[in-house]
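Biologist: I'd like to learn how to read a model like this feature by feature. Could we put it on screen and start with a single residue?

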Amino acid sequence: MVRRTDVTGTDGVRLAAWEFAEPPKGRTEADRPPGVLLLHGLMGRASHWAPTARWLSERYRAVGLDQRGHGRSDKPAGGPYTRDAYVADAEAAIEQLGLGPVIVIGHAMGALTGWQLAAKRPDLVRALVVCDMRASALGAASQREWSDWFDAWPLPFATLADVRKWFGEDDPWVERPNPSRGAFYAEVMAEREDGWRPVFSRRQMLHTRATWVYDAHWEELTQVRCPTLVLRGLDGELGRAEAQEMVRVLPRGQYAEVPDAGHLLHYDQPEGWRAAVEPFLDQLAEADRDDRGDRDDRDDLGDRDDREPVAP
């Protein structure tokens, strides 16, 4: 089952939200399945989360959002592609879809959006998974490297096989052949009259990226009060020392890593990804059960206190 629901983001931007499996059915509002919002990274799309959404749907309502400028969502020529716009879009999606309080699982840019949203609206975010996103400023050199990389793309690609080969083997950023990386980028290509081109504007991606690479985001991490898992691939972009420092500054941070995984760890190492995330989700579920048990105990005590005393 794949179901698309359009929601309205800030400035009226139309956003495509996707459910890739049927969620478990709650009998009443009180036992409806908890919500999970899946936020992809720069150049990604919600479909990259499909395998994750399917196993999550065993006990959650999991929704992937095509963020503005990506996937099937609107790509306004004039933007805005600011941090505030992305955060407000996620906020609107949670409220319009009735997901909150939600678990946000974000990759790269989506992880940054997640922790900025959690800092801004703690009432909407009950837990957070930060996947391979740095809190440090990356600087102007990083932005120039990305601009040069975009210029190196041999567009248009004649076939999807050419897409897979270039991004999986020939791309100068690839250290060793990586078929899953080729498959990842094949999912964000569309056929045009002259060949295969990205579904996004590379110029808009650079504008989007420019809104975070020059700044550090440590202060916002300190404002995230919900349980947060910081997760990295051993060969990813987030180093172990920085990840552990992120955990230290988070009020309720935890750390995990996926071996034999790079930046796209949720996509190219789905089993290792699930093995790292699921224990964190189990902890949340156990805490929820404990909370419900405590409430039931208090209700029972209240019922006993309200009874009329028995005459001797």
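Biologist: Is Met43 buried or exposed?

Modeller: Buried means under 20% relative accessible area, exposed over 50%, and partly exposed in between, using a 1.4 Å probe and protein chains only. Met43 has a relative accessible area of 2%, so Met43 is buried. Before we go on, this is a predicted model: local features need pLDDT of at least 70, side-chain atom pairs count only at pLDDT 80 or more, and totals for chains, interfaces and linings use all residues. Residues are numbered from 1 along each chain as its sequence is written, and side-chain values use heavy atoms, leaving out hydrogens and water.

Biologist: Okay. What is the phi of Met43?

Modeller: About 75 degrees, a positive value although Met43 is not a glycine. To place it you need the elements: helices (H or I, at least four residues) and strands (E, at least two) are DSSP runs, numbered from the N terminus. Met43 falls in the loop between strand E3 (35–39) and helix H1 (50–56). Asp132 also has a positive phi, near 50 degrees, and isn't glycine either. Asp132 sits in the loop between strand E6 (125–131) and H4, and its relative accessible area of 2% makes Asp132 buried.

Biologist: While we're on backbone: which residues does a cis peptide bond join?

Modeller: Gly100 and Pro101 are joined that way, with omega about -10 degrees. Pro101 is in the loop between helix H2 (83–97) and strand E5 (102–107). Leu155 and Pro156 are also linked by a cis peptide bond, again with omega about -10 degrees, and Pro156 lies in the loop between H4 and H5.

Biologist: Now the rings. How many aromatic pairs does the structure hold?

Modeller: Rings of Phe, Tyr and Trp (its six-membered ring) pair if their centres lie within 6.5 Å; planes under 30 degrees apart are stacked, over 60 edge-to-face, and the rest tilted. The structure holds 18 such pairs. One of them is Trp153 with Phe167: edge-to-face, 5.0 Å centre to centre, with 90 degrees between the planes. This pair links distant parts of the chain, 14 residues apart, with Trp153 in the loop between helix H4 (139–152) and helix H5 (160–170) and Phe167 in helix H5. Trp153 is buried at 4%, and Phe167 is buried at 0%. Phe167 pairs with Trp166 too, edge-to-face at 4.9 Å and 85 degrees, and Trp166 is buried, with a relative accessible area of 11%. One aromatic cluster includes Trp153, Trp166 and Phe167, along with others such as Trp146, Phe184 and Tyr267.

Biologist: Next, helix packing. At what angle do H2 and helix H3 pack?

Modeller: Axes are lines fitted to C-alpha atoms, for helices over the stretch in contact, and angles run from 0 to 180 degrees between N-to-C directions. H2 and helix H3 (residues 109–120) pack at about 75 degrees, their axes 9 Å apart. That makes H2 roughly perpendicular to H3; the scale is under 35 degrees for roughly parallel, over 145 for roughly antiparallel, 65 to 115 for roughly perpendicular, and oblique for the rest. Contact means heavy atoms within 4.5 Å, and among the residues making it are Tyr86, Ala90 and Ile94 of H2 and Met109, Leu112 and Gln116 of H3. By class, this contact has 7 nonpolar, 2 polar and 3 charged residues. Ala, Val, Leu, Ile, Met, Phe, Trp, Tyr, Cys and Pro count as nonpolar, Asp, Glu, Lys and Arg as charged, and the others, Gly among them, as polar.

Biologist: And the open sheet: what order do its strands have?

Modeller: Two strands pair if DSSP finds at least two bridges between them. The 8 strands run E1-E2-E4-E3-E5-E6-E9-E10, with mixed pairing. From one strand to the next, the twist averages 25 degrees. Strand E9 (residues 228–233) and E10 pair in the parallel sense over 6 bridges, with Thr228 opposite Gly253 in E10.

Biologist: Which strands does helix H9 touch?

Modeller: H9 (residues 240–249) packs on the sheet against E6, E9 and E10, and its direction makes about 155 degrees with that of E10. The buried residues of H9 are Glu242, Ala243, Met246, Val247 and Val249. Their cover includes H3, E6, helix H8 (218–222), E9 and E10.
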